[in-house]
Amino acid sequence: MIIETDRLVLRELTTEDLEELHNILSDPESMQHYPNPFTFEKSKDWIEWNIENYSEYGFGLWAVIFKADNKFIGDCGITMQNINGVMQPEMGYHIDKRYIRKGYATEAAKACMDYAFSVLKFQQLFSYMKYTNMPSQRVSQKNGMKFLTDVFGI
């Protein structure tokens, strides 16, 4: 376990999470703000990339587990991203559409923000999303993040 909140546990992703994560990342509705839903191979690569991030940086996107029933409901965490030409810590998340609008993304993202500042000692944390992704914008705003600039080429 990396982080625990009132309702969630965040832990490292493993290859055993592939099927459940792929169900989220391959869903056209869930991935409507991405160029395309993920293929099975892309979902597998996503987990492998995060495992590499754990080794290289000590953090990445983590599995989000709902405590009440130990259900995998998504991923959330911090990755290093090229934002307008500079590598910056970026917080991202994907929550199973059956669990959206219940505050889980906000709760997981807040816990990751706290971790980024208190444990990783980052001075800044970014979150970028497509301009049409209003739900993600609301999560960021609820957690006190402010709009800085448009990011191009993502």
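Reader: Where is asparagine 70?

Author: Asparagine 70 sits in the loop between S3 and S4. Keep in mind that this is a predicted model.

Reader: Is asparagine 70 buried or exposed?

Author: Asparagine 70 is exposed, because its relative accessible area is 62%. The cut-off for exposed is over 50%.

Reader: And what about its phi?

Author: Phi of asparagine 70 is near 60°. That is a positive value in a residue other than glycine. Most residues other than glycine have a negative phi.

Reader: What about the hairpin of S4 and S5?

Author: Two residues lie between the strands of that hairpin. Asparagine 84 takes a positive phi there, near 50°.

Reader: Let's zoom out. How many helices and strands are there?

Author: The protein has four helices and five strands. Along the sequence, the pattern reads β-β-α-α-β-β-β-α-α.

Reader: How do the strands line up?

Author: The five strands form an open sheet, in the order S1-S2-S3-S4-S5. The pairing is antiparallel.

Reader: Which strands stand at the edges?

Author: Strand S1 (3-4) and strand S5 (86-95) do. Each has a single partner strand, so one side of each is left without a neighbour in the sheet.

Reader: How many bridges join S4 to S5?

Author: 10 bridges join strand S4 (residues 71-83) to S5, and the two run antiparallel. Glutamine 81 stands opposite glutamine 88 in S5. Isoleucine 83 has valine 86 in S5 as its bridge partner.

Reader: Which strands does helix H1 touch?

Author: Helix H1 (residues 18-25) packs on the sheet and touches S4 and S5. Its direction makes about 70° with that of S4.

Reader: And helix H2?

Author: Helix H2 (residues 40-57) packs on the sheet as well. H2 touches strand S2 (8-12), strand S3 (61-66), S4 and S5. The direction of H2 makes about 60° with that of S4.

Reader: How many residues of S5 are buried?

Author: Eight of the 10 residues of S5 are buried, and the strand is mostly covered.

Reader: Pick a residue in H2 for me. What does asparagine 53 touch?

Author: Asparagine 53 is found in helix H2. Leaving out residues up to four places away in sequence, asparagine 53 touches Gly58, Phe59, Gly60 and Thr79.

Reader: Why does asparagine 53 count as buried?

Author: Asparagine 53 counts as buried because its relative accessibility is 5%. Buried means under 20%.

Reader: Which residues touch the most other members of the largest nonpolar core?

Author: Leu8, Leu10, Trp62, Val64, Cys76, Ile78 and Cys112 do. That core has 41 residues.

Reader: Which element gives the most to this core?

Author: H3 gives the most, with nine residues. S2, H1, H2, S3, S4, S5 and H3 each supply at least two.

Reader: Why is H3 called largely enclosed?

Author: H3 is largely enclosed by the rest of the structure because 11 of its 15 residues are buried. Among them are Tyr104, Ala108, Met113 and Tyr115.

Reader: How far apart are the end C-alpha atoms of H3?

Author: The end C-alpha atoms of helix H3 (residues 104-118) are 21 Å apart. At 1.5 Å a residue, its 15 residues should span 21 Å, which agrees.

Reader: Back to the cysteines. How many disulfides are there?

Author: The structure holds zero disulfides.

Reader: Why don't cysteine 76 and cysteine 112 bond?

Author: The two are too far apart for a bond, because the sulfur of cysteine 76 is 3.7 Å from that of cysteine 112. A disulfide needs the sulfur atoms within 2.5 Å. For cysteine 76, cysteine 112 holds the closest cysteine sulfur.

Reader: Are those two buried or exposed?

Author: Cysteine 76 is buried, with a relative accessible area of 0%. Cysteine 112 counts as buried too, at 0% relative accessibility.

Conventions: Residues numbered from 1 in each chain as written. Predicted model: local features only at pLDDT ≥ 70, side-chain atom pairs only at ≥ 80, totals over all residues. Heavy atoms only, no water. Buried < 20%, exposed > 50% of the residue type's maximum accessible area, 1.4 Å probe, protein only. Expected span 1.5 Å × (residues − 1). Pairing = 2+ DSSP bridges. Contact = heavy atoms within 4.5 Å. Axes fitted to C-alpha atoms, helices over the stretch in contact; angles between N-to-C directions. Core = buried A, V, L, I, M, F, W, Y, C linked by side-chain atoms within 4.5 Å.
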